[in-house]
Amino acid sequence: MKEKKDIWTELQNPPSKAPFKVPEGYFDSLEDRIEARIAKETEQVSSQGKLIRMLKPVLAMAASFALIFMLVYYPLSVFLPSYLAKTSQESVEKPNTLSEDELLFSYFSASTNSLYDLFGDEEEVQEEVDAEELLDYLSTEMNETEIFASLNN
Amino acid sequence: MKSDQQIIAELKDESTKQAAFRALVSRYKERLYWHIRKIVLSHDDADDVLQNTFVKVWRNIEGFREESGLFTWLFRIATNESLTFISQKKKRAFISHEETNTYILENLETDPYFDGDDIQYRLQKAIARLPDKQRLVFNMRYYDDIKYQDMEKILETSAGALKASYHHAVKKIEDYLKSEE
């Protein structure tokens, strides 16, 4: 290792070159590599320009639709805010029909197990039945067809 | 051999631009490479920055104002490209301001193309620890022996400020080398 005074000498006498080297033949092909890079970048720029040119009509159409929408909707929202609020509220209101889940829930939570309970709120017809009539009814031996016939008569 | 003025005139003419650009690269590639290499230290980084510099020259030749001189203009672009490259690397590596030259030191330690003895390595380590601008001024004065009047034009700073930067750089290098012993 060199002594301290060698370092000061080093600093006092500027060297001819920095202590670095380059890979062999590095400078020989530099011009070609730079030209290739410029050509590649120019090509990329021109292909991007081509894509923009192709998309231009579509973009113009989309922009004009957006403009028309803004020209119609914005004045309406400014001059008729209550009307727009009402229509938008109606459109989000829940429909009157019940969903499948709601139907099942109301069926199972109902007090009776009849499917009939599911349909509407019609008042049940309550007929007063006499005790004797009930006894007669229960004591008669009729099949289902006979009962049906007697009811129709 | 063509003069710089001739090369510039041909660069501004579309029919001769390509050939003139090749002549310009041939003339200045080595000088610019060594200037850049001393800033970024690694060969791979220097190669990237040198190519960026020439691409920029190709794109901006129309805007070149001849009063500044071709050499000065090229050195200015190369210097700006080098400093921008380093700051981008630092940002990507999330290096804070306090440890700004960690990246440069790593470049020096891992460089397979370092070609100096132990004294030169220690000196390079000391230089690598300097702030970017002081390092730049030190390298231009110490290695390239560029006069302050020329540096003024390249770095767009007054000669007084450059002399002060060089003085601070030498002081810091001395202090570092003393602390290393």
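A salt bridge here is a side-chain nitrogen of Lys or Arg within 4 Å of a carboxyl oxygen of Asp or Glu. In this predicted model, Arg22(B) meets that criterion with Glu35(A), the closest N and O atoms being 2.8 Å apart. The rule finds five salt bridges across the interface of chain B and chain A. Ten residue pairs are in polar contact across this interface, both residues at pLDDT 80 or more.

On the side of chain B that touches chain A, the elements giving two or more residues are α2 (17–40), α3 (43–60), α6 (118–128), α7 (132–142) and α9 (159–180) of chain B. Among them, α2(B) gives the most, with eleven residues. The residues on this side of chain B divide by class as tabulated.

| Class, side of chain B touching chain A | Residues |
|---|---|
| nonpolar | 20 residues |
| polar | eight residues |

In terms of contacts, 44 residues of chain B touch 29 residues of chain A. The two chains, B and A, bury about 3600 Å² between them, and 65% of this area lies on carbon and sulfur atoms. Arg22(B), Ile119(B) and Tyr142(B) supply 18% of the area that chain B buries against chain A, more than any other three residues.

Chain A has six helices and zero strands. Of its 153 residues, 9% count as buried. Chain A exposes about 13900 Å², with carbon and sulfur atoms supplying 60% of that area.

Methods. Residues are numbered from 1 along each chain as its sequence is written. Chains are lettered from A and ligands numbered from 1 in the order in which they are written. This is a predicted model: local features need pLDDT of at least 70, side-chain atom pairs count only at pLDDT 80 or more; totals for chains, interfaces and linings use all residues. Side-chain values use heavy atoms; hydrogens and water are left out. Contact means heavy atoms within 4.5 Å. Buried area is the accessible area (1.4 Å probe) that two parts lose on being put together, summed over both. A polar contact is a pair of N or O atoms within 3.5 Å; within protein, one must be able to donate a hydrogen and the other to accept it, and residues adjacent in sequence count only if both atoms are side-chain atoms. Helices (H or I, at least four residues) and strands (E, at least two) are DSSP runs, numbered from the N terminus. Ala, Val, Leu, Ile, Met, Phe, Trp, Tyr, Cys and Pro count as nonpolar, Asp, Glu, Lys and Arg as charged, and the others, Gly among them, as polar. Buried means under 20% relative accessible area, exposed over 50%, partly exposed in between (1.4 Å probe, protein chains only). Accessible areas come from the Shrake-Rupley method with a 1.4 Å probe; for residues, only the protein chains shown count as cover.
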